[in-house]
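Please look over the sequence and the model first.

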Amino acid sequence: MFSFQNMYYFWLTALVPVLLLIYILSIQRKKTIAKKIGDARLVDMLTADFSKAKFNLKFSLLIIALIAGILSVANFRSKDSGSSTQKSGIDVMFALDVSNSMLAQDISPSRLERAKQLIGKIIDRLQNDRVGLVVFAGKAYLQMPLSSDHSAAKLFLSSASTDMIPTQGTVIGDALKMCDLSFNEKQTKYKAIVLISDGEDHDENAVTQAEELARNGVVIHTVGMGSTQGATIPDQLTGSYKTDQNGNVVYSRLNEAVLSEIAAKANGDYQLFGATDRAVTKIIADLNAIEKREINDDSQNHYSSYFQIFMMLMFILLLLEVFVSERKTAVKKLKPVVAALLLCIPFSSFAQSEEELIQQGNEAYQRKQYDSAIVMYKKAAAVKKDETAAEYNLGNALYKSGAVDESINTYDRVLKISRNKMEQSAVHYNKGVVFQNNKKLEECIAAYKNALRINPDDADARINLQRALQQKKQQDQQKQNKSPEKQQPKKQPSKISRNEAEEKLQALLQQEKNLHDKLKKSSSTSPNKPEKDW
């Protein structure tokens, strides 16, 4: 069965009428010039060597070459194996609160861990539905877009932690908006959000955002984590409990009112988390009650692409158009065309050989035969020295084989010749992984920062950077604990008189009094409201 992978490129066919217009204007211009000359016999003499048939042929070659180019970028392909199946399902976005208040242990082992268990079991019970994940605290981030790959969703879920987002708070409104942006805006149904949070310190526009989503056909179900009595929040840095600016122990309490109102405004249900299985059953029943749509799942299909044929055809046609003359006596110029086409044959086989070498290297890499993969990638890099694909894969294979320094040098070569920003970001990210796994945290942090400067939306780089910064902090603390105490210098006997000592003491006391008065004045004008970091 044949199909096109990138149908949206067919808008380029709009160029065909443009070329037709240029052709018509060119014919009109020739006629206008002939009329200006006036003498028909003179015009015939001047245009005796002009071939209208060849002029039309050149234009036809351009049109066919354009169409061949469009077919090439649209990627004409045939299905080799697999079969598309018709399934019915909905799109489900999970909005998970990862603020520090979710570390409270009024639900054992913690609110966050039980929330992750709940989402994992819901995903296991979903069959044909697409799922996605948004995490939020003081900001909201798309952790995973909508996908039918449930195993990948659980992998992203397992990495969710309070360290992912440094800004604290509970921006439920932003999380709901991020979920809505992940849906297909053309659909007004088949969409649901499962919001799991303790609702504490929520933003004021959460309910308004829920009403707007409801108008777009989104159903929101909420789950409250925690208890209204509240619980202390473990502080992972100090090993004790989190306190406010006044030194009082913080108690985090479940805000059922806002979660219940959000669910009511968006035609959903609110439930207080009790037992995991009971909560899963209730949410699955709510999701099954939503109308489902037909989904054509072709994720297991394998295709053979034929874009190379159309690309080569376009190149040949454009080359022919260059050598075909509008003059009748230009028949002898067809021989160079044949010669040029013969020159193209080794070029095409040359390009094909590089692709085959990279493919063989990829197959060896997947079989974990890294030494064989390195050989293939090096051969491919030698064929085309300005191409980055072989060098990029070579860096990965060298790292897997244990050649860390050589891998870094290879990545640096890719950065020198690459002009693709996303590729440069990926190279910096890979360098960060290599440095991080080899305990070179300063180089690792610099590499992740470079990746994020180029691509600020790289969630993996952002998460790994946070972990590297945490590891660097722990490493610095360990060095401080192991460093010997500085020897105190021996006190030298005082050489000043008693009167001079009393004068210096009075001056120090006066400085201390001035500083105390200044601090007292500053504290009286400062706001009393403490900043929350949970």
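What follows describes a helix pair and a cavity in this predicted model.

## The pair H3 and H10

Helix H3 covers residues 52-74 and helix H10 covers residues 307-323. Their axes come within 8 Å and cross at roughly 160 degrees. Angles over 145 degrees count as roughly antiparallel, and H3 and H10 are therefore roughly antiparallel to each other. The crossing of the two helices is left-handed.

On the H3 side, the contact is made by Lys58, Leu61, Leu62, Ile64, Ala65, Ala68, Gly69, Leu71 and Ser72. H10 contributes Phe307, Phe310, Met311, Leu313, Met314, Leu317, Leu318, Leu320 and Glu321. Sorted by kind, the residues of this contact are 14 nonpolar, two polar and two charged.

## The cavity

How many cavities of 30 Å³ or more does the model have? The count comes to one. The largest cavity has a volume of about 40 Å³.

## The lining of the cavity

Phe94, Ile119, Ile123, Val131, Gly132, Leu133, Ala153 and Leu157 line the largest cavity. Of these residues, seven are nonpolar, one is polar and none is charged.

Three elements each supply at least two residues of this lining: helix H4 (111-125), strand E5 (130-136) and helix H5 (150-158). Strand E5 gives the most, with three residues.

Terms used. Residues are numbered from 1 along each chain as its sequence is written. This is a predicted model: local features need pLDDT of at least 70, side-chain atom pairs count only at pLDDT 80 or more; totals for chains, interfaces and linings use all residues. Side-chain values use heavy atoms; hydrogens and water are left out. Axes are lines fitted to C-alpha atoms, for helices over the stretch in contact, and angles run from 0 to 180 degrees between N-to-C directions. Helices (H or I, at least four residues) and strands (E, at least two) are DSSP runs, numbered from the N terminus. Angles under 35 degrees count as roughly parallel, over 145 as roughly antiparallel, 65 to 115 as roughly perpendicular and the rest as oblique. A crossing is left-handed if the near helix is turned anticlockwise from the far one by less than a right angle, and right-handed if clockwise. Contact means heavy atoms within 4.5 Å. Ala, Val, Leu, Ile, Met, Phe, Trp, Tyr, Cys and Pro count as nonpolar, Asp, Glu, Lys and Arg as charged, and the others, Gly among them, as polar. On a 1 Å grid over the protein atoms alone, a cavity is a set of points where a 1.4 Å probe fits but cannot get out, and a pocket is an open set with protein on both sides within 12 Å along at least five of seven lines; lining residues have an atom within 4 Å of a point. Grid points are joined across faces, edges and corners, and a volume is the space filled by probe spheres set on the points.
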